[in-house]
Amino acid sequence: MNFRKHIPVLTVLVTMLCVVCLPCAAKAADYKPAVAAHRGASGYLPEHTLEAKAMAYAMGADYIEQDVVFTKDNVLVVLHDHTLETTTDVEAKFPGRHRDDGSYYAIDFTLSEIKSLLVTERFDAKTGEAVFAGRFPKGFGIDFRVPTLEEEIILIQGLNKATGKNTGLYVEVKEPEFHEREGKPIMEAVIELLSRYGYNEEDANAILQIFDFDAVKKSRALGWKAPLAMLVDMDGQNLVDDKDIHKWLLTEEGVKEVSRYASIYAPWFSHLAVPSEDGKSWTTAPCLKWARDAGMKVHTWTHRTDRLAGGFASEEAMFDAIFKEMKLDGLFSDFPDRPVEYLNKNGLR
Ligand code: CA
C-alpha cells in the first residue's frame, strides 16, 4: 500500500472522524450522573436520621434526600411516612394516640412530642421484624431522633462550608393533598423554607420531588424555579387513589404533559428497565425516550445492594444498565457508596 498516495484520503477521513466524534466525545465527557442518597445512607443507618445523612455526605453523594411531613404545630420534619409507627417507639410512648385506622399520624403530634421519640431501623408494625434483616440492628438503644427539615439544611450547608463541596438537597413533599385537607398547606411551607435558605434559584443545588402531579403543577404556580422531579409509580403512592394518573404519566401524552412543568422525569426503576416474566432479563421502556425527547432529565429509584431490581442478577449488571446502556441522569440509592465507587471506576465522576 502506498501510504503517500493515500495521505490526502487519510487526512480527509481522520478529519471527518474528528468532526463526527468530537461532539460524541464531548457528550460522553459531559455525562456525569448524579447519586442521590435515598433517606441518607439508609442501607447502613436508620433512615432519615442526621447520622445517616452525615454518612451519605461523607460517601460522596451528590444529593441527600429529605421526605417531608408536617407536625401538629406546623413544623416540617423529615420522615418517609406520614405515620410514626414503623420507624419510632411511638406506640410505647403515646399509647392510644392513633387514629381509627390504627396509625399514629405525625400531623397529630407536636414537634416536642416527635422529638421525644427514638428512631430505629424500619420495621413491620404488625410483626415487629426489621424490613431489611441485614441492616443496622433494630432497637431503641441509641439516641437517634427525627430531624426537622431546617436542621437538616443547616447540617448540609455546614458540611458544605467545612468541606468546600456543594452537596445538594433532594426534597420530597409527602402527601400534599392530605396535608391540604388537614388545613396544612405543605407545598407553600416547603417552598418558603427552601427559598429562605437560598435554594429557589435555577442554578441552586436543590431538587423538589413529588408523586402528586397536581402538586408538581402547583409548585411552579407557587414560584418554584429550581429543578423539579415528577415521581412516577404505577402502583400509586398517595393516600388518594392515583393509580390511573400514574398509568397515564407513563404514556407518551402523559410524559409530554409532565415536561410542561417538571425538569426531571423520575419513574420507579422497573418502569424504565422492565423485567421479563421469568425475571432473568429486562427491556427499556419507551417512556425513557419520550422523556428525553421532551427535554427532561431522567432519574430513577431505588438501588439497594441487598434487594436488586427484577431482571438483574448482579449489582454490576444493574449499574451497567443504568449508567452505560440507558445513561440515566440520576439514581437514588440506599447504599450511595456503591454507585459512587462504580462511577469513579468507570470515569463517570
Ligand atoms: Ca422519597
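## Aromatic pairs, a buried strand and backbone features

The structure holds 14 aromatic pairs. In one of them, the ring centres of Phe-136 and Phe-144 lie 5.6 Å apart and the planes meet at 75°, so the pair is edge-to-face. The angle decides this assignment, because planes over 60 degrees apart count as edge-to-face. The two partners can also be described by their accessibility. Phe-136 has 26% relative accessibility and counts as partly exposed, whereas Phe-144, at 5%, counts as buried. The model discussed here is predicted.

Ring pairs also link Tyr-63, Tyr-170 and Phe-332 into a cluster. Charged side chains are found over aromatic rings as well. Lys-138 lies over the face of Phe-123, at 4.8 Å from the ring centre, and Lys-184 lies over the face of Phe-70, at 6.0 Å from the ring centre.

Strand S4 (residues 168-173) runs parallel to S5 and is joined to S5 by 4 bridges. Within this pairing, Leu-169 has Ala-206 of S5 as its bridge partner. Strand S6 (residues 228-232) is likewise parallel to S5, with 3 bridges between them. Here the bridge partner of Ile-210 is Met-230 in S6. From S5 the chain passes through helix H8 (residues 213-221) to S6, and this β-α-β crossover is right-handed.

Helix H13 spans residues 315-325, and its buried residues are Glu-315, Met-318, Phe-319, Ala-321, Ile-322 and Phe-323. Viewed down the helix axis, these buried residues fall within an arc of 165°, so they line one face of H13. Their packing partners are helix H11 (269-272), strand S9 (282-284), strand S10 (297-303), strand S11 (330-333) and helix H14 (337-345). After H13 comes Lys-327, whose phi is positive, near 50°.

Strand S10 also contains Thr-302. A cis peptide bond joins Trp-301 and Thr-302, with omega at about -5°.

Positive phi values occur in loops too. Asn-74 is a residue other than glycine with a positive phi, near 65°, and is placed in the loop between strand S2 (63-70) and strand S3 (76-78). Glu-175, also a residue other than glycine, has a positive phi near 50° and lies in the loop between S4 and helix H6 (176-181). The surroundings of these two residues are described by their accessible areas. Asn-74 is partly exposed, with a relative accessible area of 49%, while Glu-175 is buried, with a relative accessible area of 9%.

The accessibility values given above are collected in the table.

| Residue | Relative accessibility | Class |
|---|---|---|
| Phe-136 | 26% | partly exposed |
| Phe-144 | 5% | buried |
| Asn-74 | 49% | partly exposed |
| Glu-175 | 9% | buried |

The classes follow from the cut-offs: buried means under 20% relative accessible area, exposed means over 50%, and partly exposed lies in between.

How values were computed
Residues are numbered from 1 along each chain as its sequence is written. This is a predicted model: local features need pLDDT of at least 70, side-chain atom pairs count only at pLDDT 80 or more; totals for chains, interfaces and linings use all residues. Side-chain values use heavy atoms; hydrogens and water are left out. Buried means under 20% relative accessible area, exposed over 50%, partly exposed in between (1.4 Å probe, protein chains only). Helices (H or I, at least four residues) and strands (E, at least two) are DSSP runs, numbered from the N terminus. The arc is that of the directions from the helix axis to the C-beta atoms. Contact means heavy atoms within 4.5 Å. Two strands pair if DSSP finds at least two bridges between them. A crossover is right-handed if, with the strands pointing away from the viewer, the path from the first strand over the helix to the second runs clockwise. Rings of Phe, Tyr and Trp (its six-membered ring) pair if their centres lie within 6.5 Å; planes under 30 degrees apart count as stacked, over 60 as edge-to-face and the rest as tilted. A charge sits over a ring if NZ of Lys or CZ of Arg is within 6 Å of the ring centre and within 35 degrees of the ring normal.
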